[in-house]
Amino acid sequence: MCGIVGILGTEAVAGDLVEALKRLEYRGYDSAGIATIEGGKLDRRRAEGKLKNLALRLSNQPLQGRTGIGHTRWATHGKPVERNAHPHMNDKVAVVHNGIIENFRELRGELTKKGYAFETETDTETVLHLVTDNLKQGLKPVEAAHKALSRLRGAYALGIIFAADDDLMIAARQGPPLAIGHGEGVTYLGSDAIALAPFTSKITYLEDGDWAVLRRSGAEIFDLAGKPITRPTIVSTASSLTVDKGGYRHFMLKEIHQQPEVISHTIANYLDLAAGTVEFPDLGIDLKTLSRVTISACGTASYAGLVGKYWLERYARLPVDIDVASEYRYREAPLPENGLALFISQSGETADTMAALRYCKDGGQRIAAIVNVRTSTMARESHVVLPTLAGPEIGVASTKAFTCQLSVLACFAIAAGKARGHIGPEKERELVQALTQVPRLMSDILRDEKPYEHLGHRLTKARDVLYLGRGISFPIALEGALKLKELSYIHAEGYAAGELKHGPIALIEEGVPVIVVAPHDELFEKTVSNMQEVAARGGDIIFVSDAEDGAAGCKVIEHLHLPKAHPFTHPLMASIPVQLISYHTAVQMGTDVDQPRNLAKSVTVE
Ligand code: M6R
């Protein structure tokens, strides 16, 4: 998390730094700052809160330097106040950092003993003092930075500038992504190519352990031992256009409404719509003899993976081991020979998912990644990339990326079922046909948001909300609860409906809202029994279902009708109501829908 930019320019760079930071605000928005060098002196402006506060400060107190670095922060060490905002600097050096310096306590103790006074609670300040100390020992700026890097443990992407040389910037990567941009007599640094898209499309990605010396004339890259290395320069396709809300009140609402369109694009990439067949990319592995798939991801993406498990096991008879990446990476899970490991991520940069991917790659697995950002680290490190065609997702809460992930997984389940002999031509046509109807049926749900506004108003008064689902609806219950928590800050939990009487039923009392996701499938009657148990204890049931005759006699306070769809596609259909419930609750609560508190769009630290 945190976004980094840097420019070695030919005129004042503050405006362009802010422009680039705007494109990185998805990485954090606790505070922001920039520092530039002017007349051999470093100067900086910082502001707590959103980037607009920094822009305002700069308009009152401009910076004129032609060399500068900028940062948008997601706090790890130290409160999100101006004092802790980056860049951290003294009269010689300024530093921006994304990541966590794990040995910062030890370094802090050592530097304090040497007489360095720490002004912040951040781990980053240790980097500043280490470099400064090396300069004081007589090292030149490049050597001072290189020596400091050798002392750091943990994860970092760094940008460092020096008052004494305004044609120098040091960049270093160990974990979080970092890209160098090449312009005409101007060199750029950014956490991703998207930040640099308005200025250049010529991009060199640093790999883990790389550090680089940037000058206006270009960049030299080294490994940690100081040996020069070459990394390819590519032409990035990241768009320079800033995405707008397209007339919607929030990005999230726009993204919810884009789902019919982006799902059409995504499934068209994996299906032959005219023939009614699946056209899935060759994963470079024999799906017929495959013994198991390992799936790992975080947050919403992990719930997409859980839906994938139900699909793959049911339709392809393919066993799936799934876990959240933060657990999986340390589980030391045994891996099958010639196994397939599948990672799911909107950003393609999530630190835990990356670590799980590397564990499986080192363990000899074939690596496939379902990602939305095609230039991401995950896409670059996978053997096969399975893109979601969701387009940029700006709202921190994942919506269209989630349903596009589900779409790819559904196509994969059909392909695997076919390859393994469990889906014949007729069934294939039936399932492909079912998927092609999803965009139209979703549009039908999106046509009337009134019931959701009404429900949102009611939920603002809730202290706890339970989500229940059985079978393939269980992950949707988990996703619904996560969405409500992150957007409205109301406590919510998702449970497998059958688990209710093993504990959560104790929470039910008069008026507790219980949102039940219940497709009219072979498990419907069982879920209705669980609803009866809730109703008997005074819980308020909100029923999300395509059941035409209502909740089979059970009293519900609201029936959110889903159109009749093939049961295979139910998780896709039910995703829309759970998104709209949280969106409208958050709007009525007055929370920051697109940038909820304490969250970041891309979680590049553990
Ligand atoms: O970029 P990723 O898909 O890897 O991100 C994973 C999670 O951080 C993400 O889905 C998170 O849970 C969202 N805020 C949920 O809305």
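Begin with the whole chain in a cartoon view: the secondary structure of this predicted model comes to 18 helices and 27 strands. The radius of gyration is 26 Å, close to the 25 Å that the globule rule gives for 606 residues, so the protein is as compact as a globular protein of that length. Along the principal axes, the C-alpha atoms fill a box of roughly 80 × 55 × 45 Å. If you colour the chain by accessibility, note that 59% of the 606 residues are buried. Consider also how the chain meets itself: among contacts with a separation of 6 or more, 70% join residues 24 or more positions apart.

**The domains**

Next, select residues 3–244, 254–436 and 445–589 in turn and give each range a colour; these are domain 1, domain 2 and domain 3. How far apart do the C-alpha centres of domain 1 and domain 3 lie? The distance between these two centres is 45 Å.

**The second largest pocket**

Now display domain 2 and domain 3 together. Why does the second largest pocket lie between them? Both domain 2 and domain 3 give residues to its lining, so the pocket lies between the two domains. Its volume is about 560 Å³. To find its centre, select Cys298, Gly299, Thr300, Lys601 and Val603, which are the closest to that point of the 26 lining residues.

Then highlight helix 9 (299–315), strand 20 (340–345) and helix 16 (474–488), each of which supplies at least two residues of the lining. Which of the elements gives the largest share? That is helix 9, with five residues. Colouring the lining by residue type shows 10 nonpolar, 11 polar and five charged residues.

**Ser407**

Move on to helix 13 (residues 400–419) and select Ser407 within this helix. Is Ser407 buried or exposed? Its relative accessible area is 0%, and Ser407 therefore counts as buried, since the limit for a buried residue is under 20%. Show the side chains around Ser407: leaving aside residues up to four places away in sequence, Ser407 touches Ile263, Thr266, Ile267 and Leu572.

**Backbone details**

The last stops concern the backbone. Most residues other than glycine have a negative phi, and most peptide bonds are trans.

- Select His86 and Pro87. The peptide bond from His86 to Pro87 is cis, with omega near -5°. Pro87 is found in the loop between strand 4 (67–73) and strand 5 (88–89).
- Select Arg317, in the loop between helix 9 and strand 19 (320–324). Arg317 is not a glycine, yet its phi is positive, near 50°. With a relative accessible area of 51%, Arg317 is exposed, as the limit for this class is over 50%.
- Select Tyr489, in the loop between helix 16 and strand 24 (491–496). Tyr489 also has a positive phi, of about 65°, although it is not a glycine. The relative accessible area of Tyr489 is 29%, and the residue is partly exposed.

To conclude, return to helix 9 and helix 16, both of which supply residues to the lining of the second largest pocket.

Conventions:
Residues numbered from 1 in each chain as written. Heavy atoms only, no water. 1 Å grid on protein atoms, 1.4 Å probe; cavity = no way out; pocket = protein on both sides within 12 Å on 5 of 7 lines; lining within 4 Å. Points joined across faces, edges and corners; volume = space filled by probe spheres on them. Helix = DSSP H or I, 4+ residues; strand = E, 2+ residues; numbered from the N terminus. Nonpolar A, V, L, I, M, F, W, Y, C, P; charged D, E, K, R; others polar. Domains from an automatic or database assignment. Rg over C-alpha atoms; globule rule 2.2 N^0.38 Å. Buried < 20%, exposed > 50% of the residue type's maximum accessible area, 1.4 Å probe, protein only. Contact = heavy atoms within 4.5 Å.
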